[in-house]
Structure formats: C-alpha cells, structure tokens
Amino acid sequence: MMPLLIPGPKQPGNDIDVYLKPLIDVLLLLWKEEGVRVWDAHIEAHFNLRALLFVMTNDWPALSNLSGQSNKGYRACTHCLDETNSTYLKHCRKIMYMGHRRFLPTKHPLRRRHAHYGGKADHHTKPRHRCGKILFEMGKDVKVVFEKGPDKRTVQSDDGRAPM
Amino acid sequence: MMHLTKNLCVNLLGFLGVYGKPKDTLEAQQDLQRMKQRATQHPEKRDKGRHYLGPAYYTLSKEEKQSMFDCLNSIKVPSGYSLNVKRLLNLKEKKFAHVKSHDCHVLITQFLPVGLRGILPANVRATTIKLCAFVNAISQKAIDPTNLIRLQEDVVQSLVSLEMIFPPTFFNIMTHLLVHLVKRDWYSRSYFPS
C-alpha cells in the first residue's frame with residue numbers, strides 16, 4: 001500500500017505523472033512473467049515476486065489528475081466519457097448532469113413523452129462499457145506537455161498542441 | 001463513496017430547506033421556465049422588477065420542519081453507534097449545522113427516512129426514502145451479488161423520479177455518480193469471488 005498526500009495550492013496537478021513514472025516502471029517489471037527474485041526469510045528460500053496495481057482510493061478532484069481524464073465541464077463523468085449527458089443552466093450558471101431516463105429499460109413507460117420532461121421522449125441507450133483496450137486506444141495519441149509557465153499558466157508545446 | 005454520501009446528504013437537506021441557504025431561488029425557477037418544465041413553479045413578475053416565488057412543494061413547511069426536528073431530537077442510539085443527533089440540530093433556526101462525513105452517512109442511511117415519515121407530499125417522500133434505502137444497501141459490508149441488478153433498477157428509478165421533483169440544480173456530478181455505483185461495486189467484487 002502506498003499512501004500519498006499532496007495538499008495545498010502548490011500541488012503538481014497533472015504533472016503528478018512525472019512522479020508516478022518510476023512507480024509505473026517498477027509495476028511493469030513486477031507484472032512480467034518471471035517477476036523479481038526476492039529472498040523469503042521465513043522459509044529461507046528465493047522466490048519470484050509479482051505484483052499488480054489493484055485499486056486506487058482517492059477523492060473526486062484527485063481522480064482527474066491520476067486518471068488523466070477530465071472531471072469537470074460538459075464531459076465530467078469518468079464513466080460515461082464522451083456520452084455524458086450535460087446541460088448548461090443559463091441563470092444558475094452551472095452545468096448539470098441529467099437525462100437518467102436512458103438508464104431505464106428500453107420499453108419503460110417513463111421513457112415515453114412526459115409533461116415533466118418538456119413533453120419529450122428519451123430513446124437514448126445507456127453509455128456502453130469500455131474495456132481497457134478501447135480506453136488505451138482512445139488515449140494513446142494524447143500528447144501530454146508537463147510543466148507550467150509563469151502564473152501557473154499552461155505552456156504551448158513546440159508543435160502547437162495544447163498541453164493537458 | 002464517503003464523499004458521495006456526504007455530498008448527496010448535504011444536497012438533499014439543502015433542497016428540503018434544512019441546510020444552508022434556500023435552494024429554491026429565482027435563478028433555479030428561471031431555468032425551469034427556460035426549459036419549459038413544471039409550469040407551477042415559474043416566477044411571477046411583479047412591479048419594480050420584482051418577482052413572486054411560489055413555495056416549492058419539496059421544501060418543508062414550518063410545521064413539517066417542527067415535526068421532523070422533534071422526531072430527530074428524540075432519537076436515542078446505543079453508545080458508540082453514531083454521534084448525538086441533537087448536536088447537529090439548530091432548533092432555533094430549524095437547520096442542520098456542522099454536519100461531518102460520518103454524520104451524513106448515519107443521517108442518510110438511518111435517521112432521515114425516519115424523520116421524513118408523515119411529512120412532505122407522498123411522491124417526494126417515497127422517492128427520497130427509496131434513495132436513502134439504496135445508499136443504505138450499497139454501503140453494507142456484505143452485499144448479495146444477486147441483489148445488485150435490483151439495486152441498479154432502484155437507483156435509476158429514484159433518480160428519474162427525483163428529476164421530476166427537484167429543479168435541475170440538484171443534479172450535480174456527485175448525484176449523477178450514483179448511477180455508476182453499482183457497476184463499480186460489481187467490478188470490485190469480481191476480484192473477490194466468494
């Protein structure tokens with residue numbers, strides 16, 4: 001277990017990836033078939049140690065830094081990804097995430113036109129589950145530029161791509 | 001889960017009118033008007049640029065607050081079970097104050113369904129209690145995996161009903177995340193087949 005606490009206004013934000021890189025290198029090594037040869041003092045013999053990253057426990061703001069996904073704005077939900085249903089409320093100046101009717105069964109009576117929902121029917125399907133392979137495909141071309149400029153502003157990269 | 005319960009509880013209490021500032025504001029009603037929903041809750045224009053806001057049916061009236069606070073004030077629990085609920089209640093202003101994470105957890109899973117009995121319109125009460133029951137079920141240490149599908153149906157139904165009751169401001173990202181709780185639980189459980 002590796003606890004990590006990064007408080008305060010000077011937190012690294014997305015640049016946390018730089019500090020996590022050594023951890024990922026070690027995890028890749030431990031994931032391999034042969035593992036790492038380690039001495040077990042109890043049975044007094046060598047054995048091959050293998051390990052995997054099981055689960056991360058973090059709060060909502062830290063999730064965006066660790067996963068590299070956005071969790072604010074129109075595409076805030078880290079499960080729905082680009083299928084997030086969001087509306088901007090003009091007077092409250094907030095973004096809201098409604099449209100839960102699409103999680104209902106397809107022929108549910110509430111999916112039909114209803115006065116409460118502005119007289120509209122909802123035939124959207126619920127967001128599909130994406131496995132690790134698809135997620136990797138989605139994110140592999142994202143170019144991450146680390147470091148921040150003066151006043152904590154993000155710096156433009158050389159090839160004109162905006163950093164994350 | 002911990003943050004989710006806390007945010008949901010504070011949000012819910014806020015809309016019932018017993019925590020923080022009133023949530024049934026002019027802006028919330030103007031947004032409803034813009035979305036052409038719930039014609040009964042639109043602001044009425046008065047002279048000098050003023051507006052009249054009708055009372056929202058989901059906020060507690062003075063008598064309802066009194067009944068809820070009387071009920072919560074009389075609750076006694078075994079020692080070490082939870083905090084003393086009386087400490088959370090500001091009886092003078094009829095509001096909750098200083099709620100912390102675990103207080104919210106106990107409130108939403110145990111006390112709120114009891115305190116809401118007999119007050120509020122039936123649809124608001126039933127939906128709120130259903131949501132509380134879901135939070136209670138999902139935060140148990142041991143969950144029967146065969147129940148997970150039913151739990152997912154429950155939470156979707158209560159969220160859809162809440163969309164009819166509360167204004168859109170209720171649905172911040174934390175409330176939306178309730179939909180994905182069961183799925184997350186399902187996957188974390190698949191590593192520990194028992």
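Helices (H or I, at least four residues) and strands (E, at least two) are DSSP runs, numbered from the N terminus. With that in hand, select B:His98, in the loop between strand E4 (95-96) and H4 of chain B. Before going on, note that this is a predicted model, in which local features need pLDDT of at least 70, side-chain atom pairs count only at pLDDT 80 or more, and totals for chains, interfaces and linings use all residues. Residues are numbered from 1 along each chain as its sequence is written, while chains are lettered from A and ligands numbered from 1 in the order in which they are written.

**Stop 1**

Most residues other than glycine have a negative phi. B:His98 counts as exposed because it has 9 other C-beta atoms within 10 Å; the cut-offs are 12 or fewer for exposed, 20 or more for buried, and partly exposed in between, with C-beta atoms placed from the backbone.

Now jump to A:Glu44, in the loop between strand E1 (36-40) and strand E2 (45-49) of chain A. Phi of A:Glu44 is near 55°, again positive in a residue other than glycine. A:Glu44 is exposed, since 7 other C-beta atoms lie within 10 Å.

**Stop 1: chain A as a whole**

While you're here, color chain A by secondary structure. Chain A has 164 residues, and buried ones make up 6% of them. Take the contacts in chain A between residues at least 6 apart in sequence: 15% of these join residues at least 24 apart. Two residues are in contact if their C-beta atoms, placed from the backbone, lie within 7 Å.

**Stop 2: where the chains meet**

Show both chains together. On chain B, 24 residues are in contact with 22 residues of chain A. Four helices of chain B give two or more residues each to the side that touches chain A: H2 (26-34), H6 (148-165), H7 (173-176) and H8 (178-190). That side of chain B has ten nonpolar, eight polar and six charged residues. Here Ala, Val, Leu, Ile, Met, Phe, Trp, Tyr, Cys and Pro count as nonpolar, Asp, Glu, Lys and Arg as charged, and the others, Gly among them, as polar. For the complex, the predictor gives an ipTM of 0.78 and a pTM of 0.84.

Which residues of chain B does A:Leu104 touch? Select A:Leu104, in the loop between strand E4 (94-96) and helix H3 (132-139) of chain A. Leaving aside neighbours within four places in sequence, A:Leu104 is in contact with B:Val156 and B:Val160, and also with A:Leu110 and A:Arg111. A:Leu104 is partly exposed, with 18 other C-beta atoms within 10 Å.

Beyond its neighbours within four places in sequence, B:Val179 is in contact with A:His100 and A:Phe103, plus B:Val155, B:Val156 and B:Leu159.

**Stop 3**

**Stop 5**

Is B:Leu116 buried or exposed? Find B:Leu116 in the loop between H4 and H5 of chain B. With 21 C-beta neighbours inside 10 Å, B:Leu116 is buried. Apart from neighbours within four places in sequence, B:Leu116 is in contact with B:Met68, B:Arg125, B:Thr128 and B:Ile129.

Finish at B:Gly80, in the loop between H3 and strand E3 (89-90) of chain B. B:Gly80 is exposed, with 5 other C-beta atoms within 10 Å.
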